[in-house]
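This briefing goes through one protein model, from its sheet to a helix and then to some single residues. Please keep the sequence and the coordinates open while reading.

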Amino acid sequence: MALIQLQSSILKYNKHLQFPSFSSIPHQRSTILKISAVSPNAQQLIQSGKVRPILPKEAGTAMEGEGYILLDIRPEWEREKACVSGSLHVPLFLKDMDNSPITLLKKWVHFGYIGLWTGQNFTMINDEFVKQVEQKIPDKDNAKVLVACGEGLRSLMAISKLHEGEYRNLAWLAGGFNRASDSDFPAVEGTEKLQYATIGGVSYYFLQLLILLQAVGKES
């Protein structure tokens with residue numbers, strides 16, 4: 001099941017590569033190519049057994065019973081909506097604060113094609129990611145680290161980076177928090193459900209309408 005989630009995550013991300021307008025943006029194309037390039041490496045690590053895939057429904061047991069540390073690599077604006085209590089946070093992507101004319105043009109195109117619908121900010125890779133993880137989890141040989149993001153895609157890239165950084169007890173949250181149910185983790189903080197924290201922009205309001213219609217349907 002976890003390997004199916006891995007294949008599904010990679011296929012889901014590869015679909016984004018089919019949008020010419022999106023891939024024509026140099027900054028975003030660079031990010032896509034980086035994630036696309038590490039996906040085979042992450043897949044190989046998981047299939048070889050060097051990285052353990054853990055489903056969301058198994059994550060609570062892995063954390064409480066096996067001592068896994070949950071490493072949340074989502075950007076701050078997603079984590080603020082909902083996060084697992086006690087999890088560590090080191091974002092793999094940061095909001096791009098550059099306001100040069102070229103970057104502002106990229107941001108405008110990004111907003112028009114992606115940001116308006118998803119609510120996602122224009123981002124850049126956190127070059128200090130591994131160093132920041134090392135500060136919070138210095139024991140690379142013994143610490144068990146469960147790497148998680150919203151949809152299980154960005155965490156694949158994080159796993160590759162951490163493995164290259166000599167972390168040897170890594171696990172991947174298969175399918176990400178989007179696949180989690182309300183009872184999968186002992187405690188969750190925030191104003192949203194954990195599985196909805198990645199959703200933003202116009203799509204967020206469609207989600208709220210759907211939830212409302214489902215609630216009305218149950219009452220009628």
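Two strands are said to pair if DSSP finds at least two bridges between them, and helices (H or I, at least four residues) and strands (E, at least two) are DSSP runs numbered from the N terminus. The model is a predicted one, in which local features need pLDDT of at least 70 and side-chain atom pairs count only at pLDDT 80 or more, while totals for chains, interfaces and linings use all residues. Residues are numbered from 1 along each chain as its sequence is written, and side-chain values use heavy atoms, with hydrogens and water left out.

**Overall content**

- The protein has nine helices and nine strands, and of its 220 residues 45% are buried, where buried means under 20% relative accessible area, exposed over 50%, and partly exposed in between (1.4 Å probe, protein chains only).
- Among contacts (heavy atoms within 4.5 Å) between residues at least 6 apart in sequence, 73% join residues at least 24 apart.
- The protein exposes about 11600 Å², of which carbon and sulfur atoms supply 57%; accessible areas come from the Shrake-Rupley method with a 1.4 Å probe, and for residues only the protein chains shown count as cover.

**The sheet around β8**

- Five strands form an open sheet in the order β1-β8-β7-β2-β4, with parallel pairing.
- Because β1 and β4 (88-89) stand at the edges and each has a single partner strand, one side of each is left without a neighbour in the sheet.
- Strand β7 (residues 145-148) pairs with β8 in the parallel sense over three bridges, and Val145 has Leu170 as its bridge partner in β8.
- Strand β1 (residues 51-54) runs parallel to β8 and is joined to it by four bridges; Pro53 has Trp172 as its bridge partner there, and Arg52 stands opposite Ala171.
- In a regular strand the side chains alternate between the two faces of the sheet.
- In β8 (residues 170-173), Leu170 and Trp172 point one way while Ala171 and Leu173 point the other way, and all are buried.

**Helix α8**

- β7, helix α8 (residues 154-164) and β8 make a right-handed β-α-β unit; a crossover is right-handed if, with the strands pointing away from the viewer, the path from the first strand over the helix to the second runs clockwise.
- Nine of the 11 residues of α8 are buried, so this helix is largely enclosed by the rest of the structure; among them are Arg154, Leu156, Met157 and Ile159.
- Glu166, which follows α8, has a positive phi, near 75 degrees.

**Arg74 and the cysteines**

- Arg74 lies in the loop between β2 (69-72) and α5 (76-79) and is buried, with a relative accessible area of 0%.
- The side chain of Arg74 reaches the backbone oxygen of Ala82 at 2.7 Å.
- Leaving aside neighbours within four places in sequence, the residues in contact with Arg74 include Cys83, Cys149, Arg154 and Phe177.
- Cys83 is buried, at a relative accessible area of 9%, and Cys149 is buried as well, at 0%.
- A search of the whole structure finds zero disulfides, a disulfide being a pair of cysteine sulfur atoms within 2.5 Å.

**Leu94**

- Leu94 has its place in strand β5 (residues 93-95) and counts as partly exposed at 33% relative accessibility.
- The C-alpha atoms of Leu94 and Asn126 are separated by 5.9 Å, although these residues are 32 residues apart along the chain.

Terms used:
A polar contact is a pair of N or O atoms within 3.5 Å; within protein, one must be able to donate a hydrogen and the other to accept it, and residues adjacent in sequence count only if both atoms are side-chain atoms.
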